[in-house]
Structures are given as structure tokens and as C-alpha cells.
Amino acid sequence: MNEMNEVRKPPVATTGIIGWLRINLFFNWTNSLITLFVIYCLYQFIPWILDWTIFSADFKYNYLGEQITNQEMCSRNLDPENGGACWAVIYVRFYQFIYGFYPKVEVWRVNIAYAMLALALLPLLYAKLPYRKYFLYFTYIFPVIAYFLLNGGLGFTEVSTNKWGGLLVTLVLGCTGIALAFPIGIMLALGRRSKLPVISMMCTLFIEFIRGVPLITLLFFGMVMLPLFLPEGIDMDGLVRVLVAVTLFQSAYMAEVIRGGLQAIPPGQYEAAKSLGMSYWRMNLLIILPQAIRISIPPIVNTSIGLFKDTTLVIIVGILDLLGIGRGTLADTNWLGLSYEIYFFVSLVFFIFTFGMSRYSLYLEKKLKTGINMGAD
Amino acid sequence: MKKLLSIFAVVAFAFSAHAGTLDDVKNRGFLKCGVTTGLAGFAAPDDSGEWAGLDADMCRAVAVAVFGDRSKVEFITTTGKSRFPTLASGEVDMLARNTTWTISRDVNLGFEFVGVNFYDGQGFMVPSALGVSSATELDGATVCIQTGTTTELNLADFFRLNGISYEALPIETNDEGKENLFAGRCDVYTTDASGLSSTRAAASNPDKWVVLPEIISKEPLGPLVRHGDHQWGDVVRWSLNAMIIAEELGITSENVDAQTSSNVPEVLRLLGVEGNYGEMLELSNDWAYQIIKQIGNYSESYEANVGPDTPLEIARGLNALWTQGGILYAPPFR
């Protein structure tokens, strides 16, 4: 009896590392071939990239021990045979990459704004945060604080947006664009599905118009034509004009994403809400939108990441974002020819932000179990 | 696109056509000057975030003329597409953005070029290993060329005139041209000579590349202002001329103080010791003295930003004074 009940171990070949390898990498001969090919490529590539970016690279000093102040002092330019990346250019220009041309004496304001941004995002990212309610109040007033902090006023000296640049501009454009486009997008999506023909037509027109033109056109529109519509004497800030264009663009896309979510909600939900005597707004706020937004998370994050990367287009209208500062650095005769280092650094920063966003959306999807077919039956 | 931009420019101009840019600048307390988003030697932020370059110096010179202070200038970055609307709408007071002076820009777009601060022209760069010393020897070469530009047309004209053939490798950006040339996919790269110099300086071994002597087009680059405000145009024009005249007269930022007791009448007039030329321009009488003191003469600015001692290594060439074999020439200061 005992012998019969004893659990037999599964064959070695299907468990542990070997089993995992067999199932995932060497399942059949095509799999094995591809695996070997990929391993070969990585073997060729990884040592080289590690050597270039880290082991042979200059960070602040070249191989002679001198502090690098121009491209001629980079190890790879002194001795083309050895020497990798010359990160000194990033080291020297770090301030510009992060703050643009923000005056050095006032830079603590940007630092506080960065820290406050992190604090404001916290309650949005972690639902289990203690005292989340109070943190959320802070999140709502953060844009106002940030405005006065960065731009000046209320006792702070004014720093013209012309002095802003680098990551600061990228984050301001990205965050404001995403944050403003979300509510506007919801309104547009609801408007487009409205039964009132005027509202639905206007929303449809707006969305289709904005989606029908490239972002660059909108940026030009904001830069060149917007001032013409304003009464003379009102000088609209360049960055604000770009923000308007970016927000309009993003809200049109957001509207379509959310409309997709709205259309996935079965009519039974609407009927149930109505039968409880809920008004249009209560029904949408309490029943429809929470579900619609939940299923729209992947495309919402998708368009947000898209916008974050599209902010680099502002170089076209002469605003120096992170990439723009990189290009400006490349035009300095001291740093000519270091394009690999600069583009590598800029893409790394963008990767960190966009990868963070995409991981966060995965976490949200898991938490909210968006994959489950809600209430369809 | 060009037509559309010019319409924008005209409309914007109509809205902002008010005289007195000089008064606006004085009331504002600083000059707004349009520059590139970054072009080696002409305008680029340095390590401390200050704009430097030949065009940046032009902006500073005007700021010095008006305020006597080189820091009273705000640099507005503009791209090739946004520069004209930005100037037309009054967002900047002037442009110093390596812009070629052409009839259509001068007349049709409603701008006024006040002078030339750099004579550029289309040139050729080849690997020195090719052993070519003149562009006329380039028969059958593969040429990297930016599509849709005047350089493309100039190139076709030049080869046809010389009865030689070439194969074009179309590219979009300067970076692309650089990579293609360095990788050997084309034998020749052609663009403006100043652009070739910065491309060459960016190479890991600049000595392996030569810029051929032939210049096949005229690209006079200069500062420009809006049409119709002649007082302001004069201020910018004479800020540039003052730097050129200072070089002619041998006044530098170093010896300018000693020169105030010179016995040459034109020096005394320029430095404001004699006459009241500053008053005519509605500036202080020592405006030119301050420009030379704080920025330097044309030669000093040239040598510091694009000259043979910089990585760009652009010889004076056409940009030398008319007395020294170039065509740089300013009207007399009297």
C-alpha cells in the first residue's frame, strides 16, 4: 500500500533548469537553432557593448588621468586603437541635460519641483499608501505649486520659459500633456457618443480634425497661428503655445482610446444603471467609466508613451528639450563628433521613463484583472 | 510649404507692423535675438549654457550697442522653418541665424538684410586618399547630396558646365551625409563650406579629409530685421559695420582704451570721442567703443569661433577684409 501511495518524481528532463531549458529553448530543432543563433549574437555583441560603454569608457578623466574638457581629450580620439565611449561630455553637460539654461542660483526650485512630482505621483501609483487621501489633495494642487515654483511669482523671481530646457521641458510637456488630455479625452469620448447631435458632431469634428493632421502641423499652428487669434498686446508664452498644441493632439487620441473602452461596456450596464434611476453623469461616473477606463489601460499607456516620445518634436519650433540639448551640445565645437555618446544617453533616459510607464501599466492590469470579461454574461 | 510660410509671414507682419523696435527693446530691458538650435561655430550653447558663436556675437553686439551690456540679450532658438514666422510676428527683434540673403527673402517675405557677417558657399569634401586637388577632377564620382535643396541644383549646374558626370546619393540630413562619406558609400560630400568644416572637425581623424578649393555658389549669411523699421535696421547694420571697421582700423578689445587717444580721425569718430554718431542712432555715444571692448572686432569674433585655430579651421578666404584679399567691406564711418 505504502509503495503505491508514494509520489513518484517527474522525469529529470522536465523539471528544474534543465527542464526549463528543454521546454523553452530547445523544444525542437528549429527552436534549438534559433537559440544557438541568438546566443552567438549576444556573445558577439554583449562584450563589445560592455567594453565600449563601461570598461574602456572615459567618465571624467581620460587614460592619461587628465580631466576631459573637449572631444580632443577623449581617450578614443587621443588613441583610436583603444578607448570607448567618452561620457565626459554628459558629465560636463549634465546640468544642461537636466535643467536646460535655468539660472544656477534658482535651480533648487527645479529640484523641489522634481521631488514634489515624485511625491504627487506616489498616491496615484500605490493605492495602499497610508493617508492616501491627503496625498491626493497634494497631487491636485501640485500643478499650481509647480507653476509658481518653476515660472516665478508669489515672491519667486521670474524665470522665463526660454531658459527652460532638457529633461525639465520634456517632463513638463509629457506630464501636462498626459494629465490634461485625460479629462478632456473623457469628455470628448462621452461627447462623441452623445445622443445630442450638436455635441456629438462637434466632438467628432474636433477629434477627426486633430487626428487627421501630424503633430508637427499642430506645433506650427500653436507657434505661428495661435498668436494671431489673440488680441494684440497679449503675449502668449512659447512653451504654453506648444503645450496647447500637445494637449489638443493628445486629447483627441485619448478620446478615441476611451471611446473604445466605452463601446466594450455591454448595454446591460447602462440599462441597469438607468433602472436604478441614475442620472447621465452618475451613471457614467459610477458605473460606466470605471469599467471603460479599466479595460482601456493598455492603449492609454500606449498613447501616453507615444506622446512622451513625440515631445522631442518641439525642436522643430525651437524649444530645446532633452534631445534638443543633445543636438545643441553636438554643435559646440568642443564636443563635435560625440554623437554616439549623446544619442545613447538621451535614449537611455527616454527608455527609463517609457519602460517605467509600461511596467506600471502591467502592474495595474494585474491588480485590476483587466483581462477578465466583466459582466458580459 | 514655402508659399504658406510666406503668407503667414505677411499676415503676421500686418498684425505687428508698428514702428519703434528700438524703443520696444529699450523698454523691455533686453534684446530678443533669434539664433539656430545649434550650429557649430555660429551659435551653440557652451558648457556653462552661454550661447557662443559668430551669430551669437552678432546678437551680443547689438545688445551692447543698445544697453552697453553684453548680457542683456535673450536667445530664442529657431529652426530653418520657424525662423521667418518668428521674426515676422515680432517674437524676436532680429535674426542672426546663418540665413542666406536672397531676393525673395529680402523682398517677398518683407525682411531687411542689414549686412553680411559670413560669406559662405557650397563646397566639396573628399577623402585625402582620393588624391584629388580640384573638383573638376571628380568625373564619375558618387556625390552625397541633400535632396530638395539649392545645393542639389548648384551641383548639377557645376558638373554640366564642366562637362563631367556624377552619380548622386540622396541623403536627408547633414548627419546622414557625414556617416555615408565616412563609411565610403560616397566619394564626395557637398554642402555649405562652413558645414563641411564642422563635418570634417567631427571626424575621428580630420587629416584624412580635404575640402576642395572650389566654391560653387554664393551664400551670403547675415543678420536680418523686419521691413519698415529703418531706425532699428540702422542700429543692427551699424553694430555689424562697427566690428568690421574696427578691424580695418586695427582696434581690438585689448587696445581700444589706448585708441581713444589716437590721432586718427575715423578712430575717434568710431569710438565716440568726436562727433555725435551715437545720438543719430539714438544710442549712447560710446556704443561702438562698448561693442569693441566687450565683443571685439570682427576678426576677434571670427578667430574665436570659426577661425583656423578652432576645430572648424575655416580660413578667412572671402571673409577677409577687402584690403587683404577678401570682400568684407563696410561703408566709411563719417
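A residue counts as buried here if 20 or more other C-beta atoms lie within 10 Å of its own. Keep that cut-off in mind while touring this predicted model.

**Stop 1: helix α3 of chain B**

Select residues 54–67 of chain B. This is α3(B), a helix of 14 residues. From first C-alpha to last, α3(B) reaches 20 Å, close to the 20 Å expected at 1.5 Å a residue. Now colour by burial. In α3(B), 14 of the 14 residues are buried, so the helix is largely enclosed by the rest of the structure. Step just past the end of α3(B) to B:G68, which takes a positive phi of about 70°.

**Stop 2: helix α6 of chain B**

Move to residues 150–161 of chain B. Here α6(B) has twelve residues. Its first and last C-alpha atoms are 16 Å apart, close to the 16 Å expected at 1.5 Å a residue. Show the side chains of B:T151, B:L155, B:F158 and B:F159; these are buried. Look down the helix axis. The buried residues of α6(B) fall within an arc of 90°, so they line one face of the helix.

What covers those buried residues? Select β8 (122–127), β9 (141–146), β10 (166–171) and β11 (188–192) of chain B, which are among the elements covering them. Then turn to the face of α6(B) that points away from the buried side. It carries the exposed residues B:L153, B:D157, B:R160 and B:L161. Just after α6(B), find B:G163, with a positive phi of about 60°.

**Stop 3: where B meets A**

Show both chains. The contact takes 32 residues from chain B and 28 residues from chain A. On the chain B side, α1 (2–16), β2 (44–45), β4 (73–77) and α8 (193–202) each supply at least two residues. Of the elements there, α1(B) gives the most, with four residues. Colour the side of chain B that touches chain A by residue class: it divides into 15 nonpolar, twelve polar and five charged.

**Stop 4: chain A as a whole**

Chain A has 16 helices and zero strands. Its radius of gyration is 27 Å, well over the 21 Å that the globule rule gives for 377 residues, so chain A is more spread out than a compact globule. Along its principal axes, the C-alpha trace of chain A spans about 95 × 80 × 45 Å. Buried residues make up 33% of the 377 residues in chain A.

Finish by colouring chain A by its domain assignment: domain 1 (1–47), domain 2 (104–158) and domain 3 (175–368). The C-alpha centres of domain 2 and domain 3 of chain A are separated by 21 Å.

Conventions: Residues numbered from 1 in each chain as written. Chains lettered and ligands numbered in written order. Domains from an automatic or database assignment. Contact = placed C-beta atoms within 7 Å. Nonpolar A, V, L, I, M, F, W, Y, C, P; charged D, E, K, R; others polar. Expected span 1.5 Å × (residues − 1). Buried ≥ 20, exposed ≤ 12 C-beta atoms within 10 Å, placed from the backbone. Rg over C-alpha atoms; globule rule 2.2 N^0.38 Å. Arc of directions from axis to C-beta.
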